[in-house]
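Student: Could we go through this protein by question and answer, starting with its open spaces and then turning to its helices?

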Amino acid sequence: AATVKSELDLLSKMLDVASKEFAIPLPAGNPVTGVRKPKNSKPRERRLSADEWTALERECRASRNPNLWPAVELSIETAMRQGELLGLKWRDIDRARRFALLTDTKNGEARGVPLTSGALRVLEGLAHDLKGRVIPGHRMSLYKSFERACERAGIEDYTWHDLRHEALSRLAERGDLSVLELAAVSGHKTLHMLKRYTHLQAEKLAKKLG
């Protein structure tokens with residue numbers, strides 16, 4: 001829904017520019033203004049309890065997919081999308097400067113993702129794939145392994161993308177990162193999608209301020 005709405009908005013702006021700036025006639029006006037746009041779906045807020053995290057780690061480690069738990073850990077440490085994580089190559093990682101360069105992102109723009117000490121620890125424990133990928137394997141294989149681990153752990157209504165929400169929530173709860181800094185990590189082109197994390201920052205800062 002969000003993608004359709006953004007595409008319609010972009011088309012509407014293009015037609016407005018064509019009409020107003022280049023004097024291209026639109027006899028019936030901007031046709032997009034009469035199109036009903038889909039409402040953005042409510043963002044998911046699912047987060048696991050401490051007990052659920054313990055159970056999820058146990059089952060991910062017990063999975064026949066040896067890359068499952070490292071992939072989960074990297075998702076939490078970096079807030080990467082699943083596609084970004086699976087597209088990450090060893091050549092894209094700069095351990096000395098502690099960042100990973102993502103060249104295959106959702107919005108099509110490369111970005112550098114800072115690597116925490118936890119992320120570097122996970123990377124140190126991974127074997128090098130012959131194709132140069134950090135997390136080898138197919139997306140559906142990883143997805144199914146994660147799904148089965150959740151089932152065995154008794155965790156309901158939890159998806160891989162919720163790991164990204166968890167990662168950004170943890171960063172926001174630190175209280176020492178601005179929304180712009182969160183956006184630099186997450187790769188959001190606008191700050192609108194990060195508004196739901198500002199209350200977590202305010203709560204943490206209030207505790208620090210007393």
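Student: In this predicted model, which element gives the most to the lining of the second largest pocket?

Tutor: The lining of this pocket includes Ala167, Arg170, Leu171 and Arg174, and helix α7 covers residues 161-174. Two elements, α3 and α7, each give two or more residues to the lining. With 4 residues, the element that gives the most is α7.

Student: How many charged residues does the lining of the second largest pocket have?

Tutor: Among the residues that line the pocket are Ile76, Pro114, Leu177 and Val185, and by class the lining has 6 nonpolar residues and 1 polar residue. The lining also includes Glu77, Arg170 and Arg174, and Asp, Glu, Lys and Arg count as charged. The number of charged residues in the lining is therefore 3.

Student: How much space lies in the second largest pocket?

Tutor: Rolling a probe the size of a water molecule over the atoms shows where empty space is left. For the second largest pocket, whose lining includes Thr116 and Ala167, the space comes to about 220 Å³.

Student: Are α3 and α6 roughly parallel or roughly perpendicular to each other?

Tutor: Two packed helices are described by the angle between their axes and the distance between the axes. Helix α3, residues 68-78, packs against helix α6, residues 139-152, with the axes 10 Å apart and at an angle of about 90 degrees. Angles of 65 to 115 degrees count as roughly perpendicular, and the two helices are therefore roughly perpendicular.

Student: Which residues in α6 are met by Leu68, Ala71 and Val72 in α3?

Tutor: By class, the contact of α3 with α6 has 6 nonpolar residues and 1 polar residue, with no charged residues. On the α6 side, the residues that meet Leu68, Ala71 and Val72 are Leu142, Ser145, Phe146 and Ala149.

Student: Is Gly118 buried or exposed?

Tutor: Gly118 is found in helix α5, residues 117-124, and its C-alpha atom is separated by 8.2 Å from that of Glu73, 45 residues apart along the chain. A relative accessible area under 20% counts as buried, and Gly118 has a value of 15%, so this residue is buried.

Student: What share of contacts between residues at least 6 apart in sequence joins residues at least 24 apart?

Tutor: The protein has 9 helices and 3 strands, which follow the pattern α-α-α-α-β-β-β-α-α-α-α-α along the sequence. Of its 210 residues, 39% count as buried. Among the contacts between residues at least 6 apart in sequence, the share that joins residues at least 24 apart is 64%.

Technical notes: Residues numbered from 1 in each chain as written. Predicted model: local features only at pLDDT ≥ 70, side-chain atom pairs only at ≥ 80, totals over all residues. Heavy atoms only, no water. Axes fitted to C-alpha atoms, helices over the stretch in contact; angles between N-to-C directions. Parallel < 35°, antiparallel > 145°, perpendicular 65-115°, else oblique. Contact = heavy atoms within 4.5 Å. 1 Å grid on protein atoms, 1.4 Å probe; cavity = no way out; pocket = protein on both sides within 12 Å on 5 of 7 lines; lining within 4 Å. Points joined across faces, edges and corners; volume = space filled by probe spheres on them. Buried < 20%, exposed > 50% of the residue type's maximum accessible area, 1.4 Å probe, protein only.
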